[in-house]
Amino acid sequence: MQVSFGQVLVRLIKLGIIFTLISPDGWDFFNTNVVAFFSDGTDDLVSGVMAIATGVTPPPGSTPFYAFDAMASYLIHPDVLIAIMARSASAGRSACSWAA
């Protein structure tokens, strides 16, 4: 069976990754690059996508879902819930009063 250039290249890359990880400085390299990406990089990606989608740039040190957290804290506030319930109760009466 003939091996293609792409298969040889993929195997060399895999061997390079394995040798890098088992070298004396491999674990430090893994922690500074891979662990740091999954620890901090994903939050930065989510914050960037949320800023594009909502147009709200989160302040430094905030959660990635800053815009959704702000909307949820506004909607769950007791004054807003009371206003929503009052409007929904009064809308039903006013809609029926003109039909009668």
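Author: Let's start with what counts as a helix here: helices are DSSP runs of H or I with at least four residues, while strands are runs of E with at least two, and both are numbered from the N terminus. This is a predicted model, where local features need pLDDT of at least 70 and side-chain atom pairs count only at pLDDT 80 or more, while totals for chains, interfaces and linings use all residues. Residues are numbered from 1 along each chain as its sequence is written, and side-chain values use heavy atoms, with hydrogens and water left out.

Ser 47 sits in helix α2, so let's look at that helix. Helix α2 covers residues 26-54, 29 residues in total. From first C-alpha to last it reaches 40 Å, close to the expected 42 Å (1.5 Å times one less than the number of residues). There's also a kink of about 50° in α2, centred on Phe 37; the bend is the angle between axes fitted to the seven residues ending at a residue and the seven starting there.

Now for the inside. Ser 47 counts as buried because its relative accessibility is 17% (buried is under 20% relative accessible area, exposed over 50%, partly exposed in between, with a 1.4 Å probe and protein chains only). Gly 26, Gly 41 and Met 50 are the other buried residues of α2. The buried residues of α2 pack against α1 (5-22) and α3 (66-75). Leaving aside neighbours within four places in sequence, Ser 47 is in contact with Pro 58 and Pro 64 (contact means heavy atoms within 4.5 Å). Just after α2, Gly 55 takes a positive phi of about 80°.
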